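Below is a brief report on one protein chain. Take a look at the model, then read on for the helices, the aromatic rings, the core and the pocket.

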Amino acid sequence: MENLFKTQQDRLDALRFLNLKLGRDWALKEEPRMIWSLPSVRVAKAFWNRWFWWATPSCLKPMRKVAHLIKRHLPNVLLTTITHTIINASREGLNSKVQNIKKRAYGFRNKERLKIAIYFNCGGLNPYPP
């Protein structure tokens with residue numbers, strides 16, 4: 001929602017309030033994002049149970065699959081993240097940068113050149129020093 005322009009947000013809100021399947025499906029997709037900001041594990045479990053029973057009878061087969069997948073891993077992933085507030089986003093972002101460097105280069109002749117490219121691009125070096 002935060003990536004949409006104001007006009008796009010207004011159009012989406014109008015569609016959501018028409019009580020169409022689109023509005024319900026959008027809400028099903030967006031609702032779990034709130035769980036990361038909940039204050040405790042108990043509140044998160046209650047929120048999750050409410051969302052799970054809302055999502056499982058959905059006509060969207062992928063949504064049901066996702067709900068059951070998350071349910072299997074709920075204690076390890078979600079509740080640990082809320083308890084310890086440790087996330088893997090920065091590491092995933094760095095891995096994405098490295099994969100992009102490898103893809104742009106179409107392969108390196110040796111590992112040393114790959115290391116140099118990673119240090120140069122991810123190390124915060126200025127490509128045009130003064």
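A residue counts as buried when its relative accessible area is under 20%, as exposed when that area is over 50%, and as partly exposed in between. F52 has a relative accessible area of 2%, so F52 is buried. This is a predicted model, and every value here is computed from it.

**Overall fold**

The protein has seven helices and zero strands. Read from the N terminus, its elements run α-α-α-α-α-α-α. The protein has 130 residues, and 21% of them count as buried. Take the contacts with a separation of 6 or more: residues 24 or more positions apart account for 36% of them.

A pair of aromatic rings is described by the distance of the centres and the angle of the planes. How many aromatic pairs does the whole structure hold? A search finds three. W48 and F52 form one that is tilted, with 5.7 Å from centre to centre and 40° between the planes. F52 also pairs with W53: the centres are 5.1 Å apart and the planes stand at 80°, over the 60 degrees cut-off, so this pair is edge-to-face.

| Ring pair | Centre to centre | Angle of planes | Type |
|---|---|---|---|
| W48 and F52 | 5.7 Å | 40° | tilted |
| F52 and W53 | 5.1 Å | 80° | edge-to-face |

W48 and F52 both lie in helix 3. They are four residues apart, about one turn of the helix. Both are buried. Is W53 buried or exposed? Its relative accessibility is 59%, over the 50% limit, so W53 counts as exposed. Ring pairs join W48, W51, F52 and W53 into a cluster.

**Nonpolar core**

In soluble globular proteins, nonpolar side chains tend to be buried together. Here the largest nonpolar core has 15 residues. Those with the most contacts inside it are I35, A44, W48, W51, A55 and L78. Helix 3, helix 4 and helix 5 each supply at least two residues of this core. Which helix gives the largest share? Helix 3 does, with six residues.

A44 is one of the residues with the most contacts inside the core. Its neighbours within four places in sequence aside, A44 is in contact with I35, L38, L79 and I82.

**Largest pocket**

The largest pocket holds about 150 Å³ of space. Its lining consists of P32, I35, W36, W48, W51, I70, H73, L74, V77 and L78. The lining divides into nine nonpolar residues, one polar and no charged.

Start with T56. Where does T56 sit? T56 is in the loop between helix 3 (41–55) and helix 4 (61–73). Its relative accessibility is 14%, under the 20% limit, so T56 counts as buried. T56 touches R64, A67 and H68, not counting residues up to four places away in sequence.

Next comes T83. T83 lies in helix 5, which spans 75–84. At 49% relative accessibility, T83 counts as partly exposed, because that value falls between the 20% and 50% limits. T83 and S40 are 43 residues apart in sequence, yet 7.4 Å apart in space, C-alpha to C-alpha.

K115 lies in helix 7, residues 111–122. Its relative accessibility is 41%, so K115 counts as partly exposed. K115 and V98 are 17 residues apart in sequence and 9.8 Å apart in space, C-alpha to C-alpha.

Terms used. Residues are numbered from 1 along each chain as its sequence is written. This is a predicted model: local features need pLDDT of at least 70, side-chain atom pairs count only at pLDDT 80 or more; totals for chains, interfaces and linings use all residues. Side-chain values use heavy atoms; hydrogens and water are left out. Buried means under 20% relative accessible area, exposed over 50%, partly exposed in between (1.4 Å probe, protein chains only). Contact means heavy atoms within 4.5 Å. Rings of Phe, Tyr and Trp (its six-membered ring) pair if their centres lie within 6.5 Å; planes under 30 degrees apart count as stacked, over 60 as edge-to-face and the rest as tilted. A nonpolar core is a set of buried Ala, Val, Leu, Ile, Met, Phe, Trp, Tyr and Cys residues joined through side-chain atoms within 4.5 Å. On a 1 Å grid over the protein atoms alone, a cavity is a set of points where a 1.4 Å probe fits but cannot get out, and a pocket is an open set with protein on both sides within 12 Å along at least five of seven lines; lining residues have an atom within 4 Å of a point. Grid points are joined across faces, edges and corners, and a volume is the space filled by probe spheres set on the points. Ala, Val, Leu, Ile, Met, Phe, Trp, Tyr, Cys and Pro count as nonpolar, Asp, Glu, Lys and Arg as charged, and the others, Gly among them, as polar.
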